[in-house]
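Student: I have a structure open and would like to learn how to read it. Could you walk me through it, feature by feature?

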Amino acid sequence: MTVTENAAPDLVNNDEHPLGHGRMLRKEDPRFIRGLGKYCDDVQLRGMLHLAILRSPMAHARIVNIDTSAAEAHPKVKAVVTGAALADKGLAWMPTLSNDVQAVLATDKVRFQGQEVAFVVAEDRYAARDALELIDVDYEPLEAVADVRTALAPDAPVIRDDLEGKENNHCFDWETGDAAATQAVFDRADVVVKQEMVYPRVHPAPMETCGCVADFDRVDGGLTLWSTSQAPHAHRTLYALVAGLPEHKIRVISPDIGGGFGNKVPIYPGYVCSIVGSMLTGKPVKWMEDRSENLISTGFARDYVMQGEIAATKDGKILAIRTDVLADHGAFNGTAAPVKYPAGFFGVFTGSYDLEAAYCHMTAVYTNKAPGGVAYACSFRITEAVYLVERLVDCLAYELDVDPADLRLNNFIKPEQFPYATKTGWVYDSGNYEPAMRQSMELVGYADLRREQADKRTRGELMGIGCSFFTEAVGAGPRKDMDILGLGMADGCELRVHPTGKAVVRLSVQSQGQGHETTFAQIVAEEIGIPPGDIEVVHGDTDNTPFGLGTYGSRSTPVSGAAAALVARKVRDKAKIIASGMLEVSVADLDWDKGSFRVKGDPTSSVTIQDIAMRAHGAGDLPEGLEGGLEAQICYNPSNLTYPFGAYICVVDIDPGTGAVKVRRFVAVDDCGTRINPMIIEGQVHGGLTDGVGMALMEMISFDPDGNCLSSSFMDYLIPTALEVPHWETGFTVTPSPHHPIGAKGVGESATVGSPPAVVNAVIDALRPYGVRHADMPLTPSRVWEAMQGTLKPSF
Amino acid sequence: MTTTKQTVTMTVDGAQYSDDVEPRLLLVQYLRERLGKTGTTVGCDTTNCGACTVLLDGESVKSCTMFAVQADGHEVVTVEGLAQNGELHPVQQAFHEHAALQCGYCTSGMIMQSVSLLNENPHPSQEEIRSGLEGNLCRCTGYQSIVEAVSAAAGEGDTQ
């Protein structure tokens, strides 16, 4: 650990001193290591039926006829439902998270391969699949729009003819920054570098696919839905709006979730079909998609074609960045983003640099592909923003022939400039970038590596070193600016202390492996002095948790974590009044000593939080006007996002004979402010770095010209195994968020956001002898080989 | 569509089961749906992910790529049968202590593959561990803590 001026204080080790922040083994593990977790597909209910979905084999086709008679005749089939049947109930279309609509089951035509066309409910999952084979659909093929670059051509077939008056495939236009001011800076710049770069379509591919069990009670009209949802409360409200069921009669339960990574934020047709299936049959209905369905039809990520431009002085002062983006949103705009942010937080593409001007114009289009866009730890499009700026900085370094690490160091926003307003309107809360960058360079041995590289180049060996320095923006968000379909992005928290001093804390956010059951107990423990082992964390059940918007965008710590700290302080404030009564002193005479109140100047006179809890619930007088019990609730509205940052350096070796890239080393220094549990942060970073290596080198959802998805299984959609990733090397600095109650920032997505450009920059750096300035991901051996031959084309 | 059922008899986690099953029933679904052993999970449909790994007569198999009838007469151990008398298997304990899991979905298969690996090679190097776990995908951990856990569990074996 390099010591920096803002280095971390010695952290509490919860193994030795179990009261709050620090390394603590996870409370979730005991059930998972025994195979006793409870995921959606583990739910078994009496009389439960199984649902399977018939999907379109074509990307674009009119539905002429659907014959379900043979399927209906199957002895184990209970229901067969088509789009026409749903249309009769007004359920054939549903709203998306971007105020567009999406077909639950296709009625008029299919718009992407894998789209939902009909569903079957049967006695078991085998019979349901059998029955799908018995449904006969007559399609009239239409020309598909598979190439995003041709989607707006005048003769392109119109995909969304369901939208009134729609005569093209335009989805929306969006801009940010000042076009004229940016043009003026570009006009006077010594150096301007332009580079087109594609961030290919990828997929979050959580190990557990999406699914649910819907249980509609015909007697009381109530619906219970176990589902793979990262946002159970938001989903409940949407179901109320879609299905017309009253909200108090809907209970959404997110049980253990086998990874989400943004894939489980949207509402998918399968969930709605299951609810309809349960209403029709009066039985619980389970739907679990298989991997190919997950890859072909659920929320993809990225798919941006970015024309990037960077302007600088000849001695390397970066002046401005400008970009024009073509965004592929698929057949329905299902982007999960705050309503006022159709391009998410892409506006932070100015990165970690102090610029004079910046501008972005974006056009989003419809294509014959699955909907999505915001997923896979993107923090609402910050993956794309960071990739753009960090590739552009390297392109500039190439042009100026300067070291890319030096170029970054010379252009960072300075610590004294925070809070820093970017030219696109974001106010970074805090940052101290240089120490993180220096630490990363020291850990990796940057100067020695450059010498090694120079030496290797003389022998024709290909070695590359790539930097990425990123600033994230997480913790959506202030309710005046940010909402999802009208629901403000605040989060609730309830804390109840039982008479014996044990506690339960209820969250509105939803873990999918991030360790909330452990870390939220630690946050509360730190504030109220009850050991984290005595604090039960409840989440994922809309009947038993306060309302809030769920877990994505690394928002749990910034928003719900703040709520947890503040609710604990609220309870502590009440405890202090009770303590003053018990000790017969005034509140002002009490000191808090993590777990007990002591009378100032009299260390022998004190009461513990456990004593106070018993008094709060028990016999004896309470101070005048105080209610019994010891609990509180809160709804936290953040004043700003948090802006964690990091310095990543990747070292690669490339086989000049095959183009195969080996990631030799990867150093990641992250700063997410106050660290609640370093062990868990470490694991989050390792996972995200693996995503980054996967995206940079292996992963892509690709299509042929007819719109056939070419990456719809793990045979073709490659994700890293233990062999493709190196031993990760990590470090950290601590620059707290000034506006957060415990100074903590989000971190879960930082590594996924920050690592792809480091890997790509390293590969391009290795290929420098071949005069390569850019190559699009994924940098597979064949694509690297083509780059070396000068024949590489964009990813699409 | 009518399929003749066959009788299978097998030992699972130390107990004997005998059932009439369709020949096409996958072992993983037999374990999950018939026996209620839902600790073994399904992560893909092409035999790549290894989430469904169990031990068949002591060797790891992907139970999504075996019919239940093929396990007739054999001994199956799932993650639920690893702990003995309430004592965690050293691999389970090491996964907890080294933070080798997050969402927990790959964990059962990963643990079973690790047990199999250590049975075959009690002192694997880091590279041998990575290679031995190549058939098991994880989306959360980035593998490093898993490698460390398996390494530690191997060390644990030394002291016994």
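**Reading the interface and the sheets**

Tutor: Let's begin where the chains meet: the contact (heavy atoms within 4.5 Å) takes 45 residues from chain B and 57 residues from chain A. Keep in mind that this is a predicted model, in which local features need pLDDT of at least 70 and side-chain atom pairs count only at pLDDT 80 or more, while totals for chains, interfaces and linings use all residues. Residues are numbered from 1 along each chain as its sequence is written, chains are lettered from A and ligands numbered from 1 in the order in which they are written, and side-chain values use heavy atoms, with hydrogens and water left out.

Student: How much area do chain B and chain A bury between them?

Tutor: The size of an interface is often given as the accessible area lost when the parts come together. Buried area here is the accessible area (1.4 Å probe) that two parts lose on being put together, summed over both. For chain B and chain A the figure is about 4,400 Å², with 55% of it on carbon and sulfur atoms.

Student: How many salt bridges are there between chain B and chain A?

Tutor: A salt bridge is a side-chain nitrogen of Lys or Arg within 4 Å of a carboxyl oxygen of Asp or Glu. By that rule, 4 salt bridges link chain B and chain A. One of them pairs B:Arg24 with A:Asp130, with the closest N and O atoms 2.7 Å apart. Over all chains the count comes to 59 salt bridges. Another to look up joins the side chains of A:Asp42 and B:Arg32, at 2.8 Å from N to O. This pair crosses between chains: A:Asp42 sits in the loop between helix 1 (29–32) and strand 1 (49–55) of chain A, and B:Arg32 in helix 1 of chain B. Helices (H or I, at least four residues) and strands (E, at least two) are DSSP runs, numbered from the N terminus.

Student: How many residue pairs are in polar contact across the interface?

Tutor: A polar contact is a pair of N or O atoms within 3.5 Å; within protein, one must be able to donate a hydrogen and the other to accept it, and residues adjacent in sequence count only if both atoms are side-chain atoms. The rule finds 25 such residue pairs across the interface of chain B and chain A, both residues being at pLDDT 80 or more. On the side of chain B that touches chain A, the elements giving two or more residues are helix 1 (27–34), helix 2 (90–97), helix 3 (107–120), helix 4 (126–132) and helix 5 (144–159) of chain B. Helix 2 of chain B gives the most, with 4 residues. That side divides into 18 nonpolar, 16 polar and 11 charged residues, where Ala, Val, Leu, Ile, Met, Phe, Trp, Tyr, Cys and Pro count as nonpolar, Asp, Glu, Lys and Arg as charged, and the others, Gly among them, as polar.

Student: Now the sheets. What is the strand order in chain B?

Tutor: Two strands pair if DSSP finds at least two bridges between them. Chain B has an open sheet of 5 strands in the order 2-1-5-3-4, with mixed pairing. Strand 2 (15–21) and strand 4 (59–62) of chain B are at the edges with a single partner strand each, so one side of each has no neighbour in the sheet. From one strand to the next, the twist averages 40°; axes are lines fitted to C-alpha atoms, for helices over the stretch in contact, and angles run from 0 to 180 degrees between N-to-C directions. Strand 3 (residues 53–56) and strand 5 (residues 75–77) of chain B pair in the antiparallel sense over 2 bridges, and B:Leu56 has B:Val76 in strand 5 as its bridge partner. Helix 1 of chain B lies across strand 1 (6–12), strand 2, strand 3 and strand 5 of chain B, at about 105° to strand 2.

Student: And which strands stand at the edges in chain A?

Tutor: The open sheet there has 7 strands in the order 3-7-1-14-11-12-13, again with mixed pairing. Strand 3 (77–82) and strand 13 (250–253) of chain A are at the edges, each with a single partner strand, so one side of each is left without a neighbour in the sheet. The twist averages 20° from one strand to the next. Strand 12 (residues 222–227) and strand 13 of chain A pair in the parallel sense over 4 bridges.

Student: Where is a cis peptide bond found?

Tutor: One joins A:Phe418 and A:Pro419, with omega about -5°. A:Pro419 lies in the loop between helix 10 (404–409) and strand 19 (420–421) of chain A.
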